[in-house]
Each structure stands twice: as structure tokens, then as C-alpha cells.
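Dear colleague,

Please find below the structure that I am handing over to you.

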Amino acid sequence: MLSALFDAELFGHWWFEGPAWLEQVARIIARDELPVALTTASEYLDAEPAAGTLAIPEGSWGKNGNNDVWLNPHTAWTWSHIYAAEERVQQVAAEAKRRCGQTARAKERCAAPLGCRIAKQMCRELLLLESSDWQFLITTEAARNYAEDRFLTHLDQFREVDRAWHEFLATGNLSPDREQRLSVIEQRDSLFADIDPQLWATTD
């Protein structure tokens, strides 16, 4: 097995052709005549269970080799919001399991499609809120105002979607204005179409 690990930042502002290059690599490997195949780490471990584990000490590529770039007096305020949002998503995932069915990922298994939509969008907003770029940009002051604005935008949208979830639980529906706002947020932040909120659900 060969692992090819890349810093995701490469496939963006440092190398705008990166995603196109990665697509071509995947297309070449997918050819029938090639005796290799792509897999994920989880798929490989399912097929070939690990023989052991390795304890790796905490470290970072950031300044001083620690986490100071991401957690410091200038960024501490972001983490209080992130931790609260993470806890809230765990609660919503558990509620969605009871209200919408076992999973919100597959429409055919979802008993309440609107609830599935809302729960999935909450997870998307959480992932965007958790992006470590925000703290990095705040600390380095490379684009501090931009990073703070983006963080606060996703926080506001997370809270909007949470209010939609409360309304859905109370009424089983959304007001036209709130449904319209949910659609706008979904269109703006549409990553991971098949995101599964149950990945955040705590075990019983």
C-alpha cells in the first residue's frame, strides 16, 4: 500500500491547478488496465486490521512546533463558540436519530426529510466554523478581518440553522421566511452533499 499525503492548502491558493491535477490522477488510476486502485484509510483498515498502534507526541507545523498559532489570547474567543457548537451538533444528531430515523444521509431512510436537511446543514456549518485557517489568519494577521468575518458569518448561520431545528421540532415545519433562509444558507455552504449527522451522535 502506498500513502500519498498532501497538505490540503496546496489545492487552493498555493496551487490553483491542484484539484484538476488530482482529478486526472484519479481518472488514470481508475482505468481497467491498471493493477492499482484507490482506497481510503478506513477501507484499508477494514480489510487489513492494524497489527498495533503507535503513540505520536503532540506537534504542529506551526510556529514553535506547538499549537500557539491556533490557541492564544487572540483566538481563544473562537474556541468557546466552537466547543459549544460541537456539543449542540451532538445533541441535534441524537434528536435527528429519534425524529428522522437511523440516518439523515440517505433520503429513502429518512422519516422526516426537512429535519434531515436541517441537521445536515448544521453539520456543514460546524465544519466550516472549525476550519483552522481562521485562527491561523487571525494570529499571523495575514487577513485577520477576513478570518474574523468568515468565522462570525458561519457562527451566525449555525445559530440560524439551530433556530430552524427548534422550529422543526416544535411544529414539524418551517415558516416560509425561515425555509427560504435555510435554502440560501444551503446554497452558499453546499459542501459534502452526503454528510451524515450520525457521525456526530454519541453512543448510547
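This is a predicted model: local features need pLDDT of at least 70, side-chain atom pairs count only at pLDDT 80 or more; totals for chains, interfaces and linings use all residues.

**Findings**

H6 itself is made up of 28 residues. From its first C-alpha to its last it reaches 41 Å, which is close to the 40 Å expected at 1.5 Å a residue.

As to the overall fold, the chain contains seven helices and zero strands, and its pattern along the sequence reads α-α-α-α-α-α-α. The C-alpha trace spans about 50 × 45 × 35 Å along its principal axes. The chain has 204 residues, of which 31% count as buried. Of the contacts between residues at least 6 apart in sequence, 68% join residues at least 24 apart.

Which residues have the most contacts inside the largest nonpolar core? They are Val 89, Cys 100, Ile 118, Met 122, Trp 165, Phe 168 and Trp 200, and the core as a whole has 36 residues. Two or more residues of this core are contributed by each of H3, helix H4 (113-129), helix H5 (133-140), helix H6 (144-171) and H7. In general terms, nonpolar side chains in soluble globular proteins tend to be buried together.

Apart from its neighbours within four places in sequence, Ile 118 is in contact with Val 161, Ala 164, Trp 165, Phe 168, Leu 174 and Leu 182.

Helix H4 deserves a separate remark. Of its 17 residues, 14 are buried, so H4 is largely enclosed by the rest of the structure. The end C-alpha atoms of H4 are 24 Å apart, in agreement with the 24 Å that its 17 residues should span at 1.5 Å a residue.

For Asn 64 the angle is about 70°. Asn 64 is found in the loop between helix H2 (41-47) and helix H3 (76-100), and it is exposed because its relative accessible area, 59%, lies over the cut-off of 50%. For Phe 192, phi is near 55°; this residue is placed in the segment after helix H7 (176-188).

Lastly, there is the matter of open space. The largest pocket holds about 590 Å³. Among the 17 residues that line this pocket, Leu 2, Ser 3, Ala 4, Leu 38 and Thr 39 are the closest to its centre. Helix H1 (residues 18-29) provides the largest share of the lining, namely five residues.

With kind regards

Methods:
Residues are numbered from 1 along each chain as its sequence is written. Side-chain values use heavy atoms; hydrogens and water are left out. Helices (H or I, at least four residues) and strands (E, at least two) are DSSP runs, numbered from the N terminus. Buried means under 20% relative accessible area, exposed over 50%, partly exposed in between (1.4 Å probe, protein chains only). A nonpolar core is a set of buried Ala, Val, Leu, Ile, Met, Phe, Trp, Tyr and Cys residues joined through side-chain atoms within 4.5 Å. Contact means heavy atoms within 4.5 Å. The expected span of a helix is 1.5 Å times one less than its number of residues. On a 1 Å grid over the protein atoms alone, a cavity is a set of points where a 1.4 Å probe fits but cannot get out, and a pocket is an open set with protein on both sides within 12 Å along at least five of seven lines; lining residues have an atom within 4 Å of a point. Grid points are joined across faces, edges and corners, and a volume is the space filled by probe spheres set on the points.
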